[in-house]
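Me: Can you walk me through this one? I'd like to start with pockets.

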Amino acid sequence: MTVETLRRWEAQRFGPPCVRAGRKVYYRRDGVHDWLQLQEVPSPRRGGGRR
């Protein structure tokens, strides 16, 4: 992710949870990992295949 994307997401209250300390924004590694897992979408199974 770019810094700009993370800024936009924070303003929209989207994305992984973060903590602000002055001008710095911090993300917990576990929080980012958990958020990423929630974003995963299983790929649809394609019809057909071998018979």
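**Pocket and contacts**

Reply: The largest pocket has a volume of about 170 Å³. This is a predicted model: local features need pLDDT of at least 70, side-chain atom pairs count only at pLDDT 80 or more, and totals for chains, interfaces and linings use all residues. Residues are numbered from 1 along each chain as its sequence is written, and side-chain values use heavy atoms, with hydrogens and water left out.

Me: What counts as a pocket, and how is a volume defined?

Reply: On a 1 Å grid over the protein atoms alone, a pocket is an open set of points where a 1.4 Å probe fits, with protein on both sides within 12 Å along at least five of seven lines; lining residues have an atom within 4 Å of a point. Points are joined across faces, edges and corners, and the volume is the space filled by probe spheres set on them.

Me: Which residues line the largest pocket?

Reply: Val3, Leu6, Arg7, Glu10, Arg20, Arg23, Lys24, Val25 and Tyr27.

Me: Which element gives the largest share?

Reply: Helix 1, with four residues. Helices are DSSP runs of H or I, at least four residues, numbered from the N terminus.

Me: New topic. Is Gly31 buried or exposed?

Reply: Gly31 is buried, because its relative accessibility is 11%. Buried means under 20% relative accessible area, exposed over 50%, partly exposed in between (1.4 Å probe, protein chains only).

Me: What does Gly31 contact?

Reply: Pro16 and Pro17, leaving aside neighbours within four places in sequence. Contact means heavy atoms within 4.5 Å. Gly31 and Pro17 are 6.3 Å apart, C-alpha to C-alpha.

Me: And Met1, buried or exposed?

Reply: Met1 is exposed, at 71% relative accessibility.

Terms used:
Helix = DSSP H or I, 4+ residues; strand = E, 2+ residues; numbered from the N terminus.
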